[in-house]
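User: I have this one open on my screen and want to go through it piece by piece. Start wherever you like.

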Amino acid sequence: TLFLDEVGDIPLDTQVKLLRVLENREIMRVGSNDPVSVDVRVLAATHRDLEQLVQDGTFREDLFYRLKVVIIDLPPLRERSQDIALLVDYYLHHFAEAYGKNCTDIEGDALAALVAHPWKGNVRELKHVVENLIVTAPCPVITLEDLPESIRRSRMDESGGEMSLAGIV
């Protein structure tokens, strides 16, 4: 599996090379004249509107249609706040195990602050914040005071911060 992140930012000259690889299923190693056959599944992600880029002439139409087989439109994390508690729970357990820490719970106010944060970096940003919490916070429970200042300043939700991971598995 070959994952192409931010495929909409690939320069036109590189797009030509990528298209050739996808069509011929061959690559040329640096310094070699012998093609090597490849059998890969390609996943591509972008935050840009590829159809608009094609119209603007900054993304090759033939590459666009080569990549456009199955489209999964995933809104940014800030538009799916209902997913944040599940992701926090997952990453708390994942990093607690990875770092050998007993830190798999979070107070309601801290979770509410995480839900209220705009997450401009999407899931990657959330993942890194939770990993940092596992590494730096005193355990066993993450509190509002353990969160980075930028997240603590985020506006609390309308419910007054009463949220819990209870029942999430």
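**Notes on the model**

Analyst: R25 is partly exposed, at a relative accessible area of 45%. Here buried means under 20% relative accessible area, exposed means over 50%, and partly exposed is in between, with a 1.4 Å probe and protein chains only. This is a predicted model, so local features need pLDDT of at least 70 and side-chain atom pairs count only at pLDDT 80 or more, while totals for chains, interfaces and linings use all residues. Residues are numbered from 1 along each chain as its sequence is written, and side-chain values use heavy atoms, with hydrogens and water left out.

User: Where does R25 sit?

Analyst: R25 is in the loop between α1 and β2 (26–28). Helices are DSSP runs of H or I with at least four residues, strands are runs of E with at least two, and both are numbered from the N terminus.

User: What is phi of R25?

Analyst: Near 55 degrees, which is a positive value in a residue other than glycine. N122 also has a positive phi, near 55 degrees, and is not glycine either. N122 is placed in helix α6 and is partly exposed at 27% relative accessibility.

User: Which residues of α4 are buried?

Analyst: I84, A85, L87, V88, D89, Y91, L92, F95 and A96. An α-helix has 3.6 residues a turn, so residues three or four places apart point the same way.

User: And what covers the buried residues of α4?

Analyst: The cover includes β5 (105–106), α5 (108–116), α6 (122–136) and β6 (141–142). Just after α4, G100 takes a positive phi of about 65 degrees.

User: Salt bridges next. How many are there in the whole structure?

Analyst: The search finds 8 salt bridges. A salt bridge is a side-chain nitrogen of Lys or Arg within 4 Å of a carboxyl oxygen of Asp or Glu. One of them joins the side chains of R124 and D5, at 2.6 Å, N to O.

User: Where are R124 and D5?

Analyst: R124 lies in helix α6 and D5 in the loop between β1 (2–4) and α1 (12–24), so the pair ties together parts that are 119 residues apart in sequence. R124 is partly exposed at 49%, and D5 is partly exposed at 34%.

User: Give me a couple more.

Analyst: E23 and R66 meet in a salt bridge at 3.8 Å, N to O. E23 is in helix α1 and R66 in helix α3, 43 residues apart, and the pair links distant parts of the chain. D62 forms a salt bridge with R60, and their closest N and O atoms are 2.6 Å apart. D62 is partly exposed at 34%, as R60 is at 28%.

User: How many disulfides?

Analyst: The search of the whole structure finds 0 disulfides, where a disulfide is a pair of cysteine sulfur atoms within 2.5 Å. C103 is buried at 0% relative accessibility, and C139 is partly exposed at 31%.

User: What kind of peptide bond joins C139 and P140?

Analyst: A cis peptide bond, with omega of about 20 degrees. P140 lies in the loop between α6 and β6.

User: Moving on to T143. Buried or exposed?

Analyst: T143 counts as buried, at 17% relative accessibility. T143 is found in the loop between β6 and α7 (149–152). Leaving aside neighbours within four places in sequence, T143 is in contact with E107 and A110; contact means heavy atoms within 4.5 Å.

User: What is A45 in contact with?

Analyst: F3, L4, D5, E6 and V7, again leaving aside neighbours within four places in sequence. A45 is in the loop between β4 (42–44) and α2 (50–56) and is partly exposed at 25%.

User: Last one. Where does V70 lie?

Analyst: V70 is in the loop between α3 (61–67) and α4, and V70 is exposed at 65%.
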